Amino acid sequence: MSNVSQVLQAKPSVESHPPTLRSITLPLPGLDGTRGLLEFVARNDLHTWFQRGDGFVGFGEVARFTAQGPSRFEDAQAWWQAVIERSENQVMTEDDVAGTGLMSFGSFSFSKMSSFESRLIVPEVVVGSRHGKSWVTYITADDGDLTRASAEDMLARYLDDPSETRERSMGDELVGGKLTEEQWKTAVARGVAHIHAGELTKLVLARDVLARLTEPIDTAGVLRELAVRYQDCWTYSVDGLIGSTPEMLIKVENNSAQARVLAGTLDRSDAPDNDPSYPERILAGSQKQQHEHQIAIDSLTRQLEPFTASMTSHSEPFVLQLPNVWHLASDVTAELAPDDDGCLPTSLALVGALHPTAAVCGTPTRVAGELIRELEHMDRGPYAGPVGWMDARGNGEWGIALRGAVIEDPTHIRLYAGCGIVDASVPEAELAETWSKFRPMIEALGLPY
C-alpha cells in the first residue's frame with residue numbers, strides 16, 4: 001500500500017488548530033531486545049527512534065505541526081501543550097514509563113534561517129519498549145471505542161501491508177553534492193584562516209553527496225541495517241529523515257537530564273592491527289582532538305546550567321567505539337531545577353535552549369553560523385538539527401541528526417557529514433573524516449564505495 005513516494009507526495013494538511021486526541025496504552029508482552037522491536041520495522045513510512053532494545057516504532061499519523069524560523073521550538077512546544085490540554089489518555093500499563101501515552105516524533109531544522117519546515121508528528125499507533133517494559137499505544141482524533149481490540153486491530157492493519165524489499169542494483173551510484181571535494185577543502189582552509197584571525201575558536205563545516213538509486217529505497221531495510229550495525233547509536237526515522245546518530249543532545253526522564261557530547265574522531269579503517277591502545281593513544285594524546293572536544297563540552301554545559309540544580313560530567317572524555325570510527329565522548333547528567341512557577345523544563349524546551357551546540361555549529365555561535373552559510377553553499381535542512389520524541393509529561397529524547405540522510409524522492413537520497421574545524425585542522429584530513437562519517441549510510445544503502 002505505502003512506499004516512500006506516497007509518503008513524500010501525500011502529506012496530510014498541517015493542523016492550524018490543536019486537535020482533540022484520545023489515546024489508550026496497553027501492555028504488549030513478548031518484545032525482547034533490539035530484534036524484538038525490529039520485527040515491527042516493516043514499512044517504509046515508519047517513524048522510529050531506538051537504541052538496542054529501547055525505543056519506539058510509530059505507524060500512521062493523526063496530527064502534524066510545522067514551523068520555521070527562530071521561534072520554531074517555542075511554537076512547537078506551545079502547540080504540543082495545547083494538544084495535551086485537549087486530549088484524553090488512558091495508560092493501562094502497570095508502570096508509568098516515559099513514552100507511554102500520548103507522544104510525538106519530531107525533526108527540527110539546523111538553522112533558524114532554513115527553508116526546511118520543522119515538524120512534530122503524532123502517530124496513530126506506537127509500539128514502545130523501555131526499561132524491560134513494552135506496550136502499544138493507539139491514538140485517535142475520533143470518538144470510536146478505545147479498547148485492546150481496537151488497538152490491536154489498527155496495529156495489525158499496518159503490519160499486514162509491509163514494504164517490499166529491494167536488492168542492490170549495479171546501477172546505484174554516489175555522485176557529488178553542492179561542492180566538489182576541492183571546493184570543500186578550500187572552504188575548510190578559509191575556515192581555518194578565520195580561526196587564525198581570532199574571529200572564532202571552532203567551526204563545524206558539512207558537505208553532502210547524493211545517492212542515485214535505480215529502484216525506490218527500502219527504508220525499513222536501511223533502518224534495520226543501521227540498528228544492527230550501530231547498536232550504540234540511536235536509529236531514527238522521521239518523515240524522510242533517516243540515520244543512526246551517536247550523539248544525544250538531551251534526554252529528559254522525570255526530573256533528570258542526560259546528554260552525550262562527541263567531538264574528536266579517528267577513522268577505524270586506518271588503524272593498525274593488534275594494537276588495542278591505538279585509539280586511546282591517538283585521540284587522548286592529540287591536542288587538536290582534545291581542544292575540539294573541550295570546546296563542545298563547555299558549550300553544552302554552559303547552556304544547560306541555568307536549568308539545573310546540579311550537574312556532573314566526565315573529568316576526562318572516554319573513547320566511544322563505533323564500527324566506522326572512534327570518538328572522544330563525554331556523558332553529562334543533571335538534576336533539573338523548577339522555574340519560578342514550580343515547573344520543570346520539558347525536553348523540547350531544553351532543545352530550544354541548547355541548540356545549536358559547538359559540536360555541530362562552532363563557537364561563538366553567531367560567527368560560526370554566518371560562516372557556515374557563507375562557506376557550505378547549502379541549506380542543511382534537518383541535518384545536524386534535533387530529532388527525536390517527547391511525551392505528554394515533558395519526557396523525551398532528542399539526538400542530533402548525524403550519520404544520516406534525507407530522502408528527497410524515492411530514488412534520490414542526500415547524505416550529509418561534517419567535521420569540527422579548529423586552528424590545527426588540515427583540509428585533506430577533514431575531507432577523509434567526512435568519508436568515514438558517510439560510511440554508515442553508504443553501507444546501509446548497499447552502495448559501491
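With a relative accessibility of 38%, Arg-393 counts as partly exposed (buried is under 20% relative accessible area, exposed over 50%, and partly exposed in between, using a 1.4 Å probe and protein chains only). The model is a predicted one, so local features need pLDDT of at least 70 and side-chain atom pairs count only at pLDDT 80 or more, while totals for chains, interfaces and linings use all residues. Residues are numbered from 1 along each chain as its sequence is written, and side-chain values use heavy atoms, with hydrogens and water left out.

Arg-393 pairs up with Asp-391 in a salt bridge, with 3.2 Å between the closest N and O atoms; here a salt bridge is a side-chain nitrogen of Lys or Arg within 4 Å of a carboxyl oxygen of Asp or Glu. Asp-391 is buried, at 0% relative accessible area. Across the whole structure, the search turns up 26 salt bridges. Another one links Glu-408 to Arg-414 at 2.6 Å, N to O. Glu-408 is partly exposed at 40%, whereas Arg-414 is buried at 11%.

Arg-366 is exposed at 57%, and Glu-370 is partly exposed at 38%.

As for cysteines, zero disulfides (pairs of cysteine sulfur atoms within 2.5 Å) come out of the whole-structure search. Cys-361 is in none, its nearest cysteine sulfur being that of Cys-419, 15 Å away. Cys-361 is buried at 2% relative accessibility, while Cys-343 is partly exposed at 43%.
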